[in-house]
Amino acid sequence: MNASPQLFSRAADGTPLYVHLPFCAAKCHYCDFFSVPAEGHDRGEMIDAILREAELYAPRAPRTLFLGGGTPSLLDAAELQRLLDGLDERTGWRASAVERTAECNPESLDAAKAQALLNLGINRLSIGFQSLDPATLQLFGRVHDVEMSFAAFRAARSVGFEALNIDLIYAVPGQALETWLADLERVLELEPEHLSAYNLTFEEETLFRRWLEEGRLQKLPEERELAFFWATRERLAAAGLEAYEISNFARSGKQCRHNVNYWHNGEYLGIGPSAVSKVGGMRRGNHKGIQGYTRRIREAAQAGAWSEEPTPRARLAETWWLGLRLAEGLSAAEARQRADCPVADDPFEALAERLLVLGLLEHSDRGGYRLSPTGLPLADHVAKQFLALSTE
Ligand code: SF4
């Protein structure tokens, strides 16, 4: 990894665009994304910096736009308009992007905000419910209650959004499977087009990790986590939400295209503090920090904190383990083509065959490979096999 990052030139036309808005109402206890409580920060200055970065590096005519964070819905309607109009002037996303997502949290999404987002060209919302249990919401440090989550979803639907995602977390300390399944029933009554259901993780440098280490929180045993995993897939499949990725479920045609591009190991341009980009075979991460990011953009016209140029083998390994996460799977030829890697440097097809024999992979419907039912919960172990081979 290079600490003095190389500059990208402008990303190629059509490249998917991610914009990181780093402000939240409060910091959730399990979260390791770069985000800070909004109070005391100059949001206008952040929008200026993001627009400046977009002017320098953002692609023209991005295929998808994703406002993430952080909590983009925390911006008021005027701020959203300045941001989205400014991005459109610099990229033309309103004419080009087929999917335009904004991440939202219930405390900052009412009908007026949803209408503003729709009017400004956003066509997909991802709403962070996380839990339907009041005590768990409190444990998570969320600032909304369950009623607010339902009200936010209904508000989004009432103004005309036809692509809505709900984010949920399961396998929470003390959670019973029956409670989780009852929560899923209530969520399914809303008929979301997409659902992301994640097994709780205890990431480095989060309060949750500290509480785990101090013994204040107990992780559920692995076999209980597995029971949640399979019961979730079964219930959502019965409701017509296909598991197209390990933690992501969608009705037919409603998969998140922006994220599918990540799993295809495609290129993308990320702007905003901490945002990562993959352009021209290079990967680069922006500086994490509000003032540090805005100052670098102002003074140096770039905010890169690190960059790296993966070898063709490393690119291919990554393409494999990302692609295997998808139900559609991938073939060896697709992997090489996505990674732009010559056949002569490909030891991974043989590894895929070995994992097939071990029962961790199976053939996908299209004749390629994907994780088998045995391999699905062991996705990280499978990824490590590919990564280890990439450095041999
Ligand atoms: S609202 Fe989302 S991004 Fe913000 S702290 Fe909570 S989990 Fe992290």
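A residue counts as buried here if 20 or more other C-beta atoms lie within 10 Å of its own, and as exposed if 12 or fewer do. Everything below comes from a predicted model.

**View 1. Helix 6 and its buried side.** By that cut-off, the buried residues of helix 6 are S149, A152, F153, A155 and A156. They sit on the same side of helix 6, because the arc they cover around the axis is only 160°. The general rule behind this kind of pattern is that an α-helix has 3.6 residues a turn, so residues three or four places apart point the same way. Look at the face turned away from the buried side and you find the exposed residues E147 and S158. The cover over the buried residues includes strand 5 (99-104), helix 4 (111-119), strand 6 (124-130) and strand 7 (164-170).

**View 2. Helix 6 from end to end.** Helix 6 takes in residues 146-159, which makes 14 residues. At 1.5 Å a residue they should span 20 Å, and the end C-alpha atoms are 21 Å apart, so the two values agree. After the helix comes G160, with a positive phi near 120°.

View 3. Zoom in on strand 9 and you see three bridges to strand 10 (residues 248-250), with the two strands antiparallel. Within that pair, A243 has F249 of strand 10 as its bridge partner.

View 4. Strand 12 is joined to strand 13 (residues 282-286) by four bridges, and V279 stands opposite M282 of strand 13.

**View 5. T206 and its contacts.** T206 belongs to the loop between strand 8 (194-199) and helix 8 (207-213). It has 17 other C-beta atoms within 10 Å, so it comes out as partly exposed. Leaving aside residues up to four places away in sequence, T206 touches H29, Y30, C31 and D32. C28 is 178 residues from T206 in sequence, yet their C-alpha atoms are 8.8 Å apart.

View 6. As a rule, most residues other than glycine have a negative phi, and most peptide bonds are trans. The peptide bond from G69 to G70 is cis, with omega near 20°; G70 lies in the loop between strand 4 (64-69) and helix 2 (77-91). A171, in the loop between strand 7 and helix 7 (177-188), has a positive phi near 60°. With 23 other C-beta atoms within 10 Å, A171 is buried. S274, in the loop between strand 11 and strand 12, also shows a positive phi, near 75°. Its 20 C-beta neighbours inside 10 Å mean that S274 counts as buried.

Technical notes:
Residues are numbered from 1 along each chain as its sequence is written. This is a predicted model: local features need pLDDT of at least 70, side-chain atom pairs count only at pLDDT 80 or more; totals for chains, interfaces and linings use all residues. Two strands pair if DSSP finds at least two bridges between them. The expected span of a helix is 1.5 Å times one less than its number of residues. The arc is that of the directions from the helix axis to the C-beta atoms. Two residues are in contact if their C-beta atoms, placed from the backbone, lie within 7 Å.
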